[in-house]
Amino acid sequence: MSDMTFARMIEQMTPEIYRSLKQAVALRKWPDGRLLTPEQTELCLEAVMRYEIEHNVPENERVGYLEGSCSSQSSAGGEDSIKWMN
């Protein structure tokens, strides 16, 4: 797919399609249950990420967002201080 075609697709993507692609990437399958190929997963993830940037989705709602810092310091309990988000 050419970059211009891909960019045009992102511009025309509806919020419903965005949510569907985001869910497909998270579950690694389409809404009808068929598994995504590695290539489909990669393209869907890129589309989701570009949509989020293009539509100014808040950072804490973007795919892959992790709350907290990624420092090498540990908390007093000895466990990492990173909180994982869904």
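Contact here means heavy atoms within 4.5 Å. The legends below describe a predicted model, in which local features need pLDDT of at least 70 and side-chain atom pairs count only at pLDDT 80 or more, while totals for chains, interfaces and linings use all residues. Residues are numbered from 1 along each chain as its sequence is written, and side-chain values use heavy atoms, with hydrogens and water left out.

View 1. Let's start in helix H3, where Glu-52 sits; helices are DSSP runs (H or I, at least four residues) numbered from the N terminus, and strands are E runs of at least two. Glu-52 counts as buried because its relative accessible area is 2%. The cut-offs are under 20% for buried, over 50% for exposed and in between for partly exposed, using a 1.4 Å probe and protein chains only. Setting aside residues up to four places away in sequence, Glu-52 touches Tyr-18, Lys-22, Val-57, Glu-61, Arg-62 and Val-63.

**View 2. Val-48, also in H3.** Val-48 has its place in helix H3. With a relative accessible area of 1%, Val-48 is buried. Residues up to four places away aside, its contacts are Tyr-18, Leu-21, Lys-22 and Val-63. Take a moment to find the pair Val-48 and Leu-21: they are 27 residues apart in sequence, yet their C-alpha atoms lie 6.7 Å apart in space.

**View 3. Leu-21 in the largest nonpolar core.** A nonpolar core is a set of buried Ala, Val, Leu, Ile, Met, Phe, Trp, Tyr and Cys residues joined through side-chain atoms within 4.5 Å. The largest one here has 14 residues, and Met-13 and Leu-21 have the most contacts inside it. Helix H1 (3-12), helix H2 (15-27) and helix H3 (38-54) each give two or more residues to this core. Beyond its neighbours within four places in sequence, Leu-21 is in contact with Met-13, Trp-30, Cys-44, Ala-47 and Val-48.

**View 4. Arg-28, a loop residue with positive phi.** Look for Arg-28 in the loop between H2 and H3. Most residues other than glycine have a negative phi. Arg-28, however, has a positive phi, near 60 degrees. Its relative accessibility is 45%, so Arg-28 counts as partly exposed.

**View 5. Asn-56, after H3.** Asn-56 belongs to the segment after H3. The phi of Asn-56 is positive too, near 50 degrees, in a residue other than glycine. Asn-56 counts as exposed because its relative accessibility is 62%.
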